[in-house]
Amino acid sequence: MEVEKAQSVNEAMSLLSVAANRRCDFSLVLTDMQMPGKDGMDFVSEMQAKPFLRDIPVVMLSSDDLMNNSMLATALVASLTKPVRPGELMRAIASALGIWERFDINLIQQKAEEGLKRTSHLSLKVLLVEDMEMNQIVASHMLNNLGHSVVIAENGQHALNLIEKEKFDLVFMDIQMPVMDGVQAARKIREREKENPGTRLPIVAMTAHALKGDKEKYLECGMDGYIAKPVLLNELAEVVDGMIARFGLDGKPNASGGPNVASHGLTYRAEYEKTDGENLPAGEDALDYDVIAKSFVGNTELTIHSMEIFIRDVPGLIVDIGDAIDRRDNSGLIVSAHTLKGIVGYYNKSAPFKACQALEALGREQKLPEDLVAVTRQESVVLGEMQKLIQSMTDYIASQA
């Protein structure tokens with residue numbers, strides 16, 4: 001949030017009026033009750049007297065419960081008793097802004113279940129072509145939850161070898177991989193199919209890219225669909241359904257009777273809510289629990305396992321980034337930053353994700369070696385964000401022991 005601070009009611013009213021005149025109204029007012037001169041009640045009264053201010057939601061902080069005051073009870077969206085806990089403040093702000101659903105565990109779970117009701121009861125044999133262990137674990141877990149069986153290939157060449165020996169209903173193909181990338185593998189699969197007309201194997205591209213024209217590029221090389229990483233369960237279910245309908249995939253009946261929503265519950269987020277964050281580290285928490293809830297479908301065991309892999313693998317990716325910079329290798333920088341961005345997105349889509357994205361963009365703009373200063377500066381930003389993430393994960397894992 002962008003925050004403006006005022007030390008008095010008069011200063012606050014001036015800020016609000018200037019913003020209204022510029023048509024950039026404040027989204028929320030957070031105010032104390034006890035203040036010298038005009039207090040919080042005076043502030044609310046002055047806001048209510050101005051038609052252009054009376055609709056701005058107000059959260060008031062006080063040493064007393066103010067909701068028994070009828071005037072304030074109707075003017076405030078929440079009254080919080082000091083000292084205010086972080087979880088209480090988060091809930092009050094989310095309610096005031098009408099986005100509480102994003103933080104409500106039951107609603108997140110309910111939406112996941114509703115989305116999965118659309119999923120076919122067929123069980124497909126899926127080939128997952130992915131070189132990163134974390135992406136392998138998360139995507140295969142989601143596909144298993146949808147009732148499908150999964151075989152993993154670590155690169156495009158491995159995928160070609162498996163397709164020669166086994167029959168698959170559907171392929172999810174990562175783009176950037178060692179040995180043979182996804183684009184090359186897709187082209188070779190299509191070349192082989194020319195010898196056997198009518199045997200097209202549906203291929204869905206999986207990548208952390210979000211660049212204009214990427215989807216079209218992957219479709220041109222013979223892929224049939226596209227899904228961005230980090231993959232979300234509902235999006236994955238929709239893509240699978242689309243492939244089933246488009247290609248008439250029959251698979252086999254799902255022995256479990258249909259999709260299986262993880263039954264573990266969003267326990268890590270529920271614990272956070274229950275204790276207002278007291279079981280998490282007191283310092284800056286780099287984890288975004290809304291993003292994590294969507295990434296790991298409420299499976300605490302999977303969440304912790306993925307964090308352990310992240311803590312293990314990220315130092316190696318940081319070394320790869322440094323090596324690429326030392327070699328003035330833009331292509332190597334792109335691959336390493338792109339890979340790091342893809343796994344960071346399971347936990348946070350803001351500062352750490354954007355830091356990796358910016359470093360990848362510098363590689364794509366061919367900034368090495370001409371603008372080495374800009375690249376090394378962004379490398380330092382990425383390193384700092386990764387240190388915060390790893391510390392938050394370490395603290396979280398310890399809190400669940």
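Modeller: Keep in mind as we go that this is a predicted model. I would start with helix 7, whose buried residues are covered by elements that include strand 5, strand 6 (149–153) and helix 8 (182–193).

Biologist: Which residues of helix 7 are buried?
Modeller: In helix 7 the buried residues are Gly156, Ala159, Leu160 and Leu162. They sit on the same side of helix 7, because the arc they cover around the axis is only 165 degrees.

Biologist: And what does the face turned away from the buried side carry?
Modeller: That face of helix 7 carries Glu164 and Lys165, which are exposed.

Biologist: What caps the N-terminal end of helix 7?
Modeller: The cap is Asn155, which places a side-chain oxygen 3.0 Å from the backbone nitrogen of Gln157.

Biologist: Switching to charges, how many salt bridges does a search of the whole structure find?
Modeller: The search returns 17 salt bridges. Among them is the pair of Glu166 and Lys125, with 2.8 Å between the closest N and O atoms. This pair links distant parts of the chain, since Glu166 lies in the loop between helix 7 (156–165) and strand 7 (170–174), whereas Lys125 belongs to strand 5 (residues 125–129), and the two are 41 residues apart.

Biologist: How accessible are Glu166 and Lys125?
Modeller: Glu166 is partly exposed, with a relative accessible area of 29%, and Lys125 is also partly exposed, with a value of 25%.

Biologist: Which residue does Asp169 form a salt bridge with?
Modeller: Asp169 forms one with Lys167, where the closest N and O atoms are 3.8 Å apart. Asp169 is buried, at a relative accessible area of 13%, whereas Lys167 counts as exposed, at 64% relative accessibility.

Biologist: Now helix 16, how are Lys388 and Glu385 placed in it?
Modeller: Lys388 and Glu385 are separated by about one helical turn, because they are three residues apart in helix 16 (residues 372–399). Their side chains meet in a salt bridge, at 3.9 Å from N to O, a value that falls within the 4 Å cut-off for such a pair.

Biologist: Last one, which residues are linked in a network of salt bridges?
Modeller: The network of salt bridges links Arg190, Glu193, Arg200, Asp224 and Arg246.

Notes. Residues are numbered from 1 along each chain as its sequence is written. This is a predicted model: local features need pLDDT of at least 70, side-chain atom pairs count only at pLDDT 80 or more; totals for chains, interfaces and linings use all residues. Side-chain values use heavy atoms; hydrogens and water are left out. Helices (H or I, at least four residues) and strands (E, at least two) are DSSP runs, numbered from the N terminus. Buried means under 20% relative accessible area, exposed over 50%, partly exposed in between (1.4 Å probe, protein chains only). The arc is that of the directions from the helix axis to the C-beta atoms. Contact means heavy atoms within 4.5 Å. A polar contact is a pair of N or O atoms within 3.5 Å; within protein, one must be able to donate a hydrogen and the other to accept it, and residues adjacent in sequence count only if both atoms are side-chain atoms.
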